[in-house]
Amino acid sequence: MIEKNILSIYRKMRIAFYRRVFTELKERESSLTATEMFSVDIIESLARPTIGEFAEFIGVSFPSATYKVNALEDKGYLKRVRSETDRRESYLELTQKYYDYAKLNDQDMSNVVNRIRREFTEQEMELLSKMLTVVEKELDNTNSKAIITKY
């Protein structure tokens, strides 16, 4: 039963995400492509990856990842920050333009959480939080090569 519930939640969140992606692509001028949106979400989740780490995570060549990064940089959604210790290495950081773009998502999640709070007591919310923390840790274990920390 729990597997069915988690799978159902995952599917609903995935569908809501895809709907948001396509709605934003349709409504915004100079918007990101779907691939670019996925790329910035991954870069955010990886928390300042190098281009090599980004390339490895998405399973593409370094030149292909560089091409994607260049496009995002040209549009102003990310910047490369040189390493203080190794000047040959750069980290990918998202810009304020990206965070302004991504804020639309936060309101949807806040609405869901507020509706959940109306259904449960404070103790039930604490238990739910504890359970979700366990689920998150298990997802981190599944993604042990590159632990997702921002979500």
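## How α2 meets α3

Helices α2 and α3 pack at an angle of about 115°, and their axes lie 11 Å apart. Their crossing is right-handed. From α2, the contact takes Ser39, Ile42, Ile43 and Leu46. From α3, it takes Phe54, Phe57 and Ile58. Sorted by class, six of these residues are nonpolar, one is polar and none is charged. All of this comes from a predicted model.

Serine 39 sits in helix α2. Its relative accessible area is 5%, so serine 39 is buried, the cut-off being under 20%. Setting aside residues up to four places away in sequence, serine 39 touches Phe54, Lys68 and Leu72.

Isoleucine 58 belongs to helix α3. The C-alpha atoms of isoleucine 58 and isoleucine 42 are 8.4 Å apart. Along the chain, 16 residues separate this pair.

## The chain as a whole

The chain holds six helices and two strands. Read from the N terminus, the order of elements is α-α-α-α-β-β-α-α. The chain has 151 residues, and buried ones make up 26% of them.

Take the contacts between residues at least 6 apart in sequence: 45% of them join residues at least 24 apart.

Alanine 47 lies in the loop between α2 and α3. Its phi is near 55°, a positive value in a residue other than glycine. Alanine 47 has 36% relative accessibility, and therefore counts as partly exposed.

Arginine 48 is placed in the loop between α2 and α3 as well. Phi is positive here too, at about 65°, although arginine 48 is not a glycine. With a relative accessible area of 40%, arginine 48 is partly exposed.

## The nonpolar core

How many residues does the largest nonpolar core have? It has 17. Those with the most contacts inside it are Leu32, Ile43, Leu78 and Leu92. Five elements each supply at least two core residues: α2 (34-46), α3 (51-58), α4 (62-74), β2 (90-94) and α5 (96-119). One of the four, Ile43, is also part of the contact between α2 and α3.

Leucine 78 shows what such a residue touches. Leaving out residues up to four places away in sequence, its partners are Ile43, Val69, Leu72, Glu73, Leu92, Glu93, Leu94 and Thr95.

## The two strands

Strand β1 covers residues 78-82. It pairs with β2 in the antiparallel sense, over five bridges. Valine 81 has tyrosine 91 of β2 as its bridge partner.

Which residues of β2 point to the buried face? Ser90, Leu92 and Leu94 point to one face and are buried.

Glutamate 44 is placed in helix α2. Is glutamate 44 buried or exposed? Its relative accessible area is 16%, so glutamate 44 is buried. The C-alpha atoms of glutamate 44 and tyrosine 99 are separated by 9.9 Å. Along the chain, these two residues are 55 residues apart.

Aspartate 100 is found in helix α5. Its relative accessible area is 40%, so aspartate 100 is partly exposed. The C-alpha atom of aspartate 100 lies 9.9 Å from that of tyrosine 77. That pair is 23 residues apart along the chain.

Key. Residues are numbered from 1 along each chain as its sequence is written. This is a predicted model: local features need pLDDT of at least 70, side-chain atom pairs count only at pLDDT 80 or more; totals for chains, interfaces and linings use all residues. Side-chain values use heavy atoms; hydrogens and water are left out. A nonpolar core is a set of buried Ala, Val, Leu, Ile, Met, Phe, Trp, Tyr and Cys residues joined through side-chain atoms within 4.5 Å. Buried means under 20% relative accessible area, exposed over 50%, partly exposed in between (1.4 Å probe, protein chains only). Contact means heavy atoms within 4.5 Å. Axes are lines fitted to C-alpha atoms, for helices over the stretch in contact, and angles run from 0 to 180 degrees between N-to-C directions. A crossing is left-handed if the near helix is turned anticlockwise from the far one by less than a right angle, and right-handed if clockwise. Ala, Val, Leu, Ile, Met, Phe, Trp, Tyr, Cys and Pro count as nonpolar, Asp, Glu, Lys and Arg as charged, and the others, Gly among them, as polar. Two strands pair if DSSP finds at least two bridges between them.
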